[in-house]
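Hello,

Here is the structure I said I would pass on. My notes on it follow below.

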Amino acid sequence: MHLGTATSLLSLIRKYEFSRPAIQQLHSHLIFASTSTFSYATPIIFTIWNSILRHYSLGPIPQEAVFLFKHLQLKLPTGFFFDSFSYSFLIKAATNLFQPVIGKQVHCLTLKSGFHSHVYVQTALLGMYVNCHCLVESCHVFQEMPVRNSVTWNAFITGLIRWGELSFARTVFDAMPEKNVVSWTGVIDGYTRVGKFNEALLLFREMVVREGIKPSEITLLTIFPAIWNTGYLESCQMLHAYGVKSGINSFDIRVMNSLVDAYSKCGSIGSASKVFCDIEDERRNLVTWTSIISGFAMHGMAEEASDCFRMMQSANVRPNQITLLSVLHACSHGGLVDEGVEFFAKMVNGFGLRPNIKHYGSLIDMLGRAGRLEEAERIALEVPSDTSNVVIWRTLLGACSFHGNAEVGQRVMQKVMELEKTYGGDYVLLSNIFANDGRYIDSEGVRRLMDEENAQKVPGLSFC
C-alpha cells in the first residue's frame, strides 16, 4: 500500500472514529484492497490496525476487537510483534466484555511478548481483573509490578471500593507514596457509599487542611451526601464558599444542584432558595428544579413548591416522575388538594408519565386528609393491578378512621383483606371505626374475625 493511500486511510479512521458503519467499511477495504496491508508491517499500517482495534474495543460489540486481533495474528508476517497499544486495546475489550478468561489469555501473550514490566499494559491488566471481580489476580498483578504510577494505584483502589472491599482499599491507599485528588476522592466516595459519613468528612478535612490538596468538582459531588446525611450546615457553607472562590460553581451545574439539595436537607431552605435564584435561567436543568421543589416539599412549603412547579413549566422544562412526586407530597402535606389533583392529571394526560405506587399513594393520602374519601376510593380502584398494593388501601383505611366514615372504611377493609389478612392493625382500626360510629356489634364481630384469622397486632414499645 502506498504511503499516501495509507495516510488517507488513517485520516478517515480518525475522522470517523465514532462511526461504526464507516470503520467497518474501512476495515473491509483494508482486507480486500491489497495484500500489502498484511505483507508489510510498516508503522503507519500498524497504526491503522491499532486504530480499528481501539474502535472495536470501545464499541458496542467488543468481541470484534478479539476477532480482529486473532485475524491479524494469522495474517501479519512471521516475527511481527504487537505493541503496548495493541495489548491495551485488547485488554479493554476483555474488560468491556466482562470476560476474564479472554483477559487471562491476553495476559499470557503480554508476558511472552516481554511486557511484564510495562506499566501501561500491566495497569490495563490490573484494571481488567479488578473490574471483572478477579481480586486475587489483580493483587498478583499489582504486587508483581516493578513500577507503578498514580493511575495504577487509583485503578486498584477504586476497583476494590467498587466491590465493597473498603478496608483493603484503605490499606492500599495508606501505602500509596504520592496521593492525588483522584485517590482521595475514591476513598471518600467509598466511605460515603457504605454510610460512614463522619469518616468521609474527616478524610475530606485531612485532604484539604493537612495535605493541602484542592478538591475537584468530582470531590465536591462525592462529599455532599456525607454532609446532608450528617446535617452539618457549616460544611455545606464551606463548600459553597470554596465553589465560588475556585470558580467551580460557575461552570459545573451539578455542584450548584447539589448545593440546593444539601442546604435543603441541612435545614436551611432559605440558603437553598438563594442558591437556586443565583443560577441563571438558561443553566437551570431538570435536576435544579426538582431539587428546589423537593426542598420546599421537605420543609412543608406547599405553595412555594406549587409555584416553583408552575415556573418550571413556563421555562419549558419537562418534569419527570421524581419532580411530580415531590410536588404531590408538598400538596398533600400543605392541604393544596385541588392543585395536587391537577398536577396528577397533568402527569398522566399532559406529560405522558406513568404513575407508580408512590404517586398513587401520595394522591390518595392527599384526598384522604381532605376527607374526600369516595374520590380517594375511586382512584384506588383505578390503580393498575401490577402497581397496586396493600399500602394504598391501608392509607385510605387510616383516613376513614380519622374522619369516622364507617361505610367507606368497611369497603376498604374488604380490599385490604383480599391482599393481606394477617396484619392485626387493620382489624383494630376498622373495629375502632365501628365503635366510634356506635356500631358495637360490628366492632365486636371484627375482633372475633381477627382471632379467627390469627392476625397479630405488633405491640407498642417504649424506650423509657
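Helices H25 and H26 cross in a left-handed way (the near helix is turned anticlockwise from the far one by less than a right angle). Helices here are DSSP runs of H or I, at least four residues long, numbered from the N terminus.

This is a predicted model, in which local features need pLDDT of at least 70 and side-chain atom pairs count only at pLDDT 80 or more, while totals for chains, interfaces and linings use all residues. Residues are numbered from 1 along each chain as its sequence is written, and side-chain values use heavy atoms, without hydrogens and water.

H25 spans residues 390-403 and H26 residues 406-419; their axes are 9 Å apart, at an angle of about 155°. H25 is therefore roughly antiparallel to H26 (angles over 145 degrees count as such). Axes are lines fitted to C-alpha atoms over the stretch in contact, and angles run from 0 to 180 degrees between N-to-C directions.

Contact means heavy atoms within 4.5 Å. Among the residues making it are Trp393 and Leu397 of H25, and Val412 and Met413 of H26. By class, this contact has 10 nonpolar, 1 polar and 2 charged residues (Ala, Val, Leu, Ile, Met, Phe, Trp, Tyr, Cys and Pro are nonpolar, Asp, Glu, Lys and Arg charged, the others, Gly among them, polar).

An automatic or database assignment gives domain 1 (1-24 + 45-70 + 81-147) and domain 2 (178-282). Their centres, taken over C-alpha atoms, are separated by 37 Å.

Regards

Notes. Helices (H or I, at least four residues) and strands (E, at least two) are DSSP runs, numbered from the N terminus. Angles under 35 degrees count as roughly parallel, over 145 as roughly antiparallel, 65 to 115 as roughly perpendicular and the rest as oblique.
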